[in-house]
Amino acid sequence: MLTSLQQQKLTRYFRVLDVDDDGRVARADYERVAENVRALYNAGKRSSHHRAIADGFLRQWEALRVAADTDGDGAVDLLEWLHYWDVVLADNALYLAEVAGLSERLLELFDTDDDGVLGADEFCNFFGIYGLKASLARQVFLDLDLDGDGAATRQELAGMVHEFYCSDDPAAPGNRLFGPLD
Ligand SMILES: [Ca+2]
Ligand SMILES: [Ca+2]
Ligand SMILES: [Ca+2]
């Protein structure tokens with residue numbers, strides 16, 4: 001069973017992924033994010049780099065669709081999404097794969113200066129591809145950067161992701177990984 005804090009956090013995450021704001025997470029949302037990442041990297045529309053980015057996002061979408069679109073209508077609605085996470089968070093192996101995947105993906109996509117950590121500007125890019133404001137990203141980053149060194153390491157990211165999914169402490173900074181809760 002998801003706690004009410006987990007439901008709030010996962011609902012926030014759902015709203016972030018629903019880039020076109022139609023109340024469902026679907027292929028079109030992932031395509032839009034892939035396009036934003038392409039623009040961020042300034043990759044040409046037909047370049048192999050663009051293909052690799054787009055393919056990566058479409059693979060993610062396919063995996064989510066197969067696992068979470070239980071009524072088979074080609075989109076994941078909020079109830080399907082919450083049910084999916086209820087299952088994943090109750091299964092240690094599934095959970096570990098998700099968490100490792102998310103923090104690795106954040107570094108892989110956004111550590112553009114290749115120093116192995118996410119800086120504030122890189123974190124802003126992460127929010128940016130979902131159409132979220134840089135000012136919000138900076139505020140969240142300050143919050144997450146507990147030791148104040150201006151960088152989020154792989155280990156810190158994994159900790160935030162873990163707090164995001166699992167913490168039941170309303171004050172845990174990782175709760176706001178995808179922005180403030182309503
Ligand atoms: Ca959508
Ligand atoms: Ca569905
Ligand atoms: Ca970096």
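This is a predicted model: local features need pLDDT of at least 70, side-chain atom pairs count only at pLDDT 80 or more; totals for chains, interfaces and linings use all residues.
**Entry 1, overall fold.** I began with the secondary structure and counted eight helices and four strands in the protein. Reading along the sequence, I wrote down the order as α-β-α-α-β-α-α-β-α-α-β-α. I then looked up the radius of gyration, which is 16 Å and close to the 16 Å that the globule rule gives for 182 residues, so I noted the protein as being as compact as a globular protein of that length.

**Entry 2, burial and contacts.** I looked up what share of the 182 residues counts as buried and found 26%. Turning to the contacts with a separation of 6 or more, I noted that 50% of them are accounted for by residues 24 or more positions apart.

I next turned to α8, which runs over residues 154–166 and has 13 residues. From its first C-alpha to its last, α8 reaches 18 Å, close to the 18 Å expected at 1.5 Å a residue. Which residues of α8 are buried? I listed Leu 157, Met 160, Val 161, Phe 164 and Tyr 165. As a reminder to myself, an α-helix has 3.6 residues a turn, so residues three or four places apart point the same way. I then asked what covers the buried residues of α8. Among the helices I found α1 (4–17), α4 (78–89), α5 (92–110) and α7 (134–144), and the cover also includes the strands β3 (118–119) and β4 (151–152).

The domain assignment divides the protein into domain 1, residues 1–90, and domain 2, residues 110–165. Taken over C-alpha atoms, the centres of domain 1 and domain 2 are separated by 19 Å. How many residues does each domain give to the contact? I noted eight residues from domain 1 and seven residues from domain 2. On the side of domain 1 that touches domain 2, α1 and α2 (27–41) each supply at least two residues, and the largest share, four residues, comes from α2. Sorting that side of domain 1 by class, I recorded six nonpolar residues, one polar residue and one charged residue.

Terms used
Residues are numbered from 1 along each chain as its sequence is written. Chains are lettered from A and ligands numbered from 1 in the order in which they are written. The radius of gyration is taken over C-alpha atoms; the globule rule is 2.2 Å times the number of residues to the power 0.38. A residue is buried if 20 or more other C-beta atoms lie within 10 Å of its own, exposed if 12 or fewer, and partly exposed in between; C-beta atoms are placed from the backbone. The expected span of a helix is 1.5 Å times one less than its number of residues. Domain bounds come from an automatic or database domain assignment. Ala, Val, Leu, Ile, Met, Phe, Trp, Tyr, Cys and Pro count as nonpolar, Asp, Glu, Lys and Arg as charged, and the others, Gly among them, as polar.
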